[in-house]
Amino acid sequence: MQRRQFLRQAGATLAVASTAAVASCTRQPVTSASAVPATVPPPAVRIRPDVAELAPVRAQADRITGVYVCTRPFRAAGPRIETEKLGHKTLVHNYGHGGSGWSLSWGSGTLAVRMAQATGARAIGVIGCGAIGLTSAILAQRAGLAVRIYAKALPPDVYSMRASGLWTPDSRLCDAAHAPALAVRWEEMARISHATYQSLLGVPGRPIEWIDGYALADAPMGHGHAAIPGEPEYGQFQDRVPELLPHPVDLPPGSHPFAQPYVRRYATLMFNISTYARMLMADFLAAGGKIEVREFSHPRELLKLPEHTLINATGYGAKALFNDDSIVPVRGQTARLIPQPEVTYGLRTRHVSMVPRSDGLLVQVLDDTGDFNNADTTPDRAASEAAVRELAAVMAGMRRG
Ligand SMILES: Cc1cc2nc3c(=O)[nH]c(=O)nc-3n(C[C@H](O)[C@H](O)[C@H](O)COP(=O)(O)OP(=O)(O)OC[C@H]3O[C@@H](n4cnc5c(N)ncnc54)[C@H](O)[C@@H]3O)c2cc1C
């Protein structure tokens with residue numbers, strides 16, 4: 001989960017809540033303190049029944065099962081989805097999705113497959129087996145093409161497996177200056193992906209779920225998109241698809257179990273990435289897909305492949321393979337706690353996010369500085385332990401019963 005998304009959702013809901021407050025004021029008759037009989041105690045504020053049953057997270061450092069780091073493949077102009085001639089072959093690029101790869105994958109794969117189909121090819125190669133490669137390959141199969149994936153690594157050993165697993169379709173996707181040029185294409189990708197995810201709900205193993213989450217703050221949550229020190233101002237697009245996510249709701253103090261005075265409930269799509277990636281692999285293979293584990297160190301090696309049309313879904317790997325300096329690594333780290341199936345809600349504070357995935361509770365530090373243009377994938381366990389301690393403090397402050 002990304003910090004600026006936290007702030008955006010926070011801001012959107014505050015507007016809704018303020019309007020509601022004004023409306024309710026106009027309906028209430030004005031009463032003076034003396035009009036209230038002194039013998040009647042003020043009603044106890046009850047926790048809303050729909051938030052009363054939030055199971056506690058066992059936030060302990062000794063329950064961390066792993067600390068994972070990967071680099072978001074950020075491009076200031078947004079993902080590269082375009083065709084390029086490479087000798088006698090056609091290369092359709094589909095890489096550079098920043099912090100939005102899973103969220104936009106079906107939409108950007110749809111655009112890439114359309115370009116591949118335009119070559120008239122009946123069989124294509126897909127280079128890469130992460131979120132983007134797998135979804136592009138499956139979409140090409142659905143379009144009637146024979147597909148072979150070539151990749152140096154397969155799930156679970158690809159960067160995509162280290163993502164948080166939330167619908168974050170405009171997270172670190174492009175910079176603000178390039179946003180207007182990307183907006184129409186972004187909307188198409190977001191809508192296609194969102195619709196595809198609805199079709200994957202209720203599938204055995206729950207690869208995709210809707211969850212509720214709670215944003216907690218000590219001060220009112222505003223509309224601002226606070227800049228992350230050392231990072232550019234990013235493009236924001238979610239206002240283009242306001243109907244795709246339920247509107248967040250501010251919960252009045254006392255109606256929720258949290259100690260923080262400002263609590264905003266949101267709903268979002270969550271990807272149980274382990275199950276989901278297995279499902280994608282199984283679907284691809286069941287439809288006759290072939291996979292060849294292979295690393296390319298120069299584009300000319302692609303010329304030797306039998307397919308004339310190739311989709312390039314190498315993610316951050318495109319930087320080295322195609323010498324593409326437009327890709328900037330944005331480091332991100334998550335820790336996984338032992339799964340707790342009874343924890344079905346997400347949490348965000350200013351510093352930490354928790355995502356209740358079936359393969360573990362994902363804990364992410366949100367406000368790390370020094371991540372932009374940082375390709376260091378060495379885990380910093382101390383940072384994750386600090387995040388788990390912050391989560392423990394939230395749990396300790398929760399009202400029970
Ligand atoms: C901490 C963190 C949290 C994130 N959370 C979210 C989230 O909640 N939601 C979301 O939508 N996105 C999220 N992201 C972003 C998301 O993870 C990426 O956008 C996405 O994984 C990119 O997928 P990809 O398939 O392009 O790249 P990859 O997963 O890196 O796949 C690239 C594939 O290409 C292969 N390859 C690379 N180079 C070569 C080569 N030279 N030869 C052969 N094969 C090669 C690799 O082996 C691999 O198979 C997050 C990222 C981070 C860092």
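At 2% relative accessibility, Cys129 falls in the buried class. Cys70 is buried too, with a relative accessible area of 12%. As for disulfides, the count in this predicted model is zero. That count rests on a simple cut-off: a pair of cysteine sulfur atoms has to lie within 2.5 Å.

Turning to the sheet, eight strands make up an open arrangement, in the order S1-S11-S14-S13-S12-S6-S8-S7, with mixed pairing. Strand S1 (64-75) and strand S7 (249-251) sit at the edges; each has a single partner strand, so one side of each is left without a neighbour in the sheet. From one strand to the next, the twist averages 30°. Further along the order, strand S6 (residues 208-217) and strand S8 (residues 262-271) run antiparallel to each other and pair over 10 bridges. One of the residues involved is Glu209, whose bridge partner in S8 is Met270.

A backbone N or O atom of Gly98 is 2.7 Å from a ligand oxygen, and a polar backbone atom of Ala153 lies 2.8 Å from an oxygen atom of the ligand. For Ala131, the distance between a polar backbone atom and a ligand oxygen is 3.2 Å.

Conventions
Residues are numbered from 1 along each chain as its sequence is written. This is a predicted model: local features need pLDDT of at least 70, side-chain atom pairs count only at pLDDT 80 or more; totals for chains, interfaces and linings use all residues. Side-chain values use heavy atoms; hydrogens and water are left out. Buried means under 20% relative accessible area, exposed over 50%, partly exposed in between (1.4 Å probe, protein chains only). Two strands pair if DSSP finds at least two bridges between them. Helices (H or I, at least four residues) and strands (E, at least two) are DSSP runs, numbered from the N terminus. Axes are lines fitted to C-alpha atoms, for helices over the stretch in contact, and angles run from 0 to 180 degrees between N-to-C directions. A polar contact is a pair of N or O atoms within 3.5 Å; within protein, one must be able to donate a hydrogen and the other to accept it, and residues adjacent in sequence count only if both atoms are side-chain atoms.
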